[in-house]
Amino acid sequence: MRSTRMPAALTAGQTTQTATQAATLRPQRDPALRLTAFADDEDWRAVLAAARAPGKPLPQRWDSLFGPLVHLRPDETRVVGQLGQSLDGRIATVSGHSKYINGSGCLSHLHRLRAVCDVVVVGAGTAIADDPQLNVRLVEGPNPARAIIDPSGRVPCGLRLFEDDGVRRLVITAADTQGDWPEGVEVLRLERLACGGLCPSAIVRALAKAGLRRILVEGGSQTISRFIAARTLDRLHLLIAPMIIGAGKMGLELSPIQTLQEALRPRMTPHQAGDEVLLDCDLRSCPVYS
């Protein structure tokens, strides 16, 4: 496993530092991100148990990465986003080709996130373009509920995320939309914003009211960007592949800022997965994120 030299602003297992504090910093070679699937791992099973039984401690090697998602108060909700991208911040080429930017280590981490969250959320565009399963296959753990944000009812009912496999399936749509969704799918209706979309904060409240408090916003990039813009995302797991695409779709698209004082500067903890890097970004640590 190769080591990767990190910018001076980052250090393994610590928060963002000033450039004068470190010259050469390395990410953690995190056991949580090892490539083995379905490993006989009692520590990972302990994480799964803690996610379903509040108050149980996490094994030390998992605590920094999954502790913020597992340790919740009874009335608390946690929203985490994940985004895989190239070194230059792109998620696809100019032709839209994106399979696959990230490798098996980061894909395994995505499946671990699904396993500890109550629900995984995607936007209508991602559902139509990718037809994802949104289940847990690469690691041990339960399948989360699946929710799709579909304000206009344009998602076809034959997608794989609508398959009746025993987990909850939800559609989050506008109050005035009459959609054709399969039997057994729960429909959460919200008022439209002036732009025609749905308020991310209202989405989170509706999911929490439905008993789904650990929320993974998996995609697409526009949906994640909207949740960040609305200050609804608590943490962002940024998965960076050793690849420079050069041109194409960017991962995050936020409103322009005029000064660097307005920039989001989250505390970050880097972890290494093979030759890729995961940045665990605590967005709530940003002074301007409110």
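## Surface and overall make-up

Accessible areas are taken from the Shrake-Rupley method with a 1.4 Å probe, and for residues only the protein chains shown count as cover. On that basis the accessible surface of the protein chain comes to about 13,900 Å², of which carbon and sulfur atoms hold 52%. Of the 290 residues in the chain, 49% count as buried, where buried means under 20% relative accessible area, exposed over 50%, and partly exposed in between (1.4 Å probe, protein chains only).

The model is predicted, with local features requiring pLDDT of at least 70 and side-chain atom pairs counted only at pLDDT 80 or more, while totals for chains, interfaces and linings use all residues. Residues are numbered from 1 along each chain as its sequence is written, and side-chain values use heavy atoms, with hydrogens and water left out.

The protein chain has 6 helices and 10 strands; these are DSSP runs numbered from the N terminus, helices being H or I with at least four residues and strands E with at least two. Among contacts with a separation of 6 or more in the protein chain, 67% are between residues 24 or more positions apart, a contact being heavy atoms within 4.5 Å.

Rings of Phe, Tyr and Trp (its six-membered ring) pair if their centres lie within 6.5 Å, and planes under 30 degrees apart count as stacked, over 60 as edge-to-face and the rest as tilted. By this rule the count comes to 3 aromatic pairs. The ring centres of tryptophan 44 and tryptophan 62 are 4.9 Å apart with their planes at 45 degrees, so this pair is tilted. It links tryptophan 44 in helix H1 (residues 42–52) with tryptophan 62 in helix H2 (residues 60–70), 18 residues apart.

Tryptophan 44 is buried, with a relative accessible area of 2%, and tryptophan 62 is buried at 0%. Tryptophan 44 also forms an edge-to-face pair with phenylalanine 66, at 5.5 Å centre to centre and 65 degrees between the planes. Because tryptophan 44 lies in helix H1 and phenylalanine 66 in helix H2, this pair ties together parts that are 22 residues apart in sequence. Phenylalanine 66 is buried, with a relative accessible area of 0%, and ring pairs link Trp44, Trp62 and Phe66 into a cluster.

## The second largest pocket

The second largest pocket has a volume of about 430 Å³, and its lining includes Ile228, Leu236, Met268 and Cys281. Strand E8 (235–240) and strand E10 (276–282) are the elements that give two or more residues to this lining, with the largest share, 3 residues, coming from E8. A pocket is found on a 1 Å grid over the protein atoms alone, as an open set of points where a 1.4 Å probe fits, with protein on both sides within 12 Å along at least five of seven lines, and lining residues have an atom within 4 Å of a point. Grid points are joined across faces, edges and corners, and a volume is the space filled by probe spheres set on the points.
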